[in-house]
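Welcome, and please load the model in your viewer. We will go from stop to stop, with something to select at each one.

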Amino acid sequence: MTDGELIQEKKDYLYSYKPIERRIRQIEEDITRLKLEADGARAIQYSDMPKGSMNLQSPQETYVTMLEKAIVNRIKAKAELVQKREEIKQAIHEIGNADMECLLEYKYLDRLKIKQISKMMGYERTQLYRIHEKALEKLEIPCEK
């Protein structure tokens, strides 16, 4: 892999942070919706009168069970995404230079422009580009397990 390809891979890795955050929020909303739907389905009362069927679970219970499984699956997916998000933050913090770490967080996690970052950090844009280049060189992408 060339240096340019490696730097691009690091940028792509850092840029994946925002979509991960969006997906986490979307899953949280989905979990909330599914819980409300399950609670509503549990509230429906059916007659206790036997119907002659050998089915041990009513359609309502089957539906609630399906919703609960969907909730568990969403929680697992969210946990994986939270782990990836924290992994990105940890990779940045392992650089060991406050300016480099701040710059990468502002640029990739907060998605600020260099002009904005320049004002916030008190550096000229050209200096920030040099810091950015060095930060990307120092950044280590964790290996997939």
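A salt bridge here is a side-chain nitrogen of Lys or Arg within 4 Å of a carboxyl oxygen of Asp or Glu. Keep in mind that this is a predicted model, in which local features need pLDDT of at least 70 and side-chain atom pairs count only at pLDDT 80 or more, while totals for chains, interfaces and linings use all residues. Residues are numbered from 1 along each chain as its sequence is written, and side-chain values use heavy atoms, with hydrogens and water left out.

**The whole chain**

Start with a cartoon view of everything. The protein chain has 6 helices and 0 strands, giving the pattern α-α-α-α-α-α along the sequence. Helices (H or I, at least four residues) and strands (E, at least two) are DSSP runs, numbered from the N terminus.

Now colour by accessibility. Of the 145 residues in the protein chain, 28% are buried. Buried means under 20% relative accessible area, exposed means over 50%, and partly exposed lies in between (1.4 Å probe, protein chains only).

**Salt bridges along H3**

The structure holds 7 salt bridges. Select Arg 85, which is found in helix H3 (residues 59-93). Is Arg 85 buried or exposed? Arg 85 has a relative accessible area of 19%, so it counts as buried. Leaving aside residues up to four places away in sequence, Arg 85 touches Tyr 17, Ile 20, Glu 21 and Ile 24.

The side chains of Glu 86 and Arg 85 form a salt bridge, at 3.3 Å from N to O. Glu 86 is partly exposed, at 35% relative accessibility.

A salt bridge joins Lys 89 to Glu 86, with 3.9 Å between the closest N and O atoms. Both residues lie in helix H3, 3 residues apart, or about one turn of the helix. An α-helix has 3.6 residues a turn, so residues three or four places apart point the same way. Lys 89 is partly exposed, with a relative accessible area of 27%.

**Across to H2**

From the contacts of Arg 85, move to Glu 21. Which residue forms a salt bridge with Glu 21? The partner is Lys 18, and the closest N and O atoms are 3.6 Å apart. Lys 18 and Glu 21 are 3 residues apart in helix H2 (residues 17-43), a separation of about one helical turn. Lys 18 is partly exposed at 23% relative accessibility, whereas Glu 21 is buried at 19%.

Then select Asp 30, Arg 33, Glu 37 and Arg 74 together: a network of salt bridges links them.

While you are here, pick Leu 36, which is also found in helix H2. Leu 36 is exposed, with a relative accessible area of 60%.

Select residues 114-121, helix H5, and show side chains. Which residues of H5 are buried? They are Ile 114, Ile 117, Ser 118 and Met 121. Looking down the axis of H5, you will find these buried residues within an arc of 105°, so they line one face of the helix. The arc is that of the directions from the helix axis to the C-beta atoms. On the other side of H5, Lys 115 and Lys 119 are exposed.

Bring in helix H4 (98-109) and helix H6 (125-138), which are among the elements covering the buried residues of H5. At the end of H5, click on Gly 122, which follows the helix and has a positive phi, near 80°.

**Where H5 meets H6**

For the last stop, keep H5 and H6 in view. H5 and H6 pack at an angle of about 100°, with their axes 9 Å apart. That makes H5 roughly perpendicular to H6. Axes are lines fitted to C-alpha atoms, for helices over the stretch in contact, and angles run from 0 to 180 degrees between N-to-C directions. Angles under 35 degrees count as roughly parallel, over 145 as roughly antiparallel, 65 to 115 as roughly perpendicular and the rest as oblique.

Finally, show the side chains in this contact: Ile 114, Lys 115, Ile 117, Ser 118 and Met 121 in H5 meet Arg 125, Leu 128 and Tyr 129 in H6.

Note on methods:
Contact = heavy atoms within 4.5 Å.
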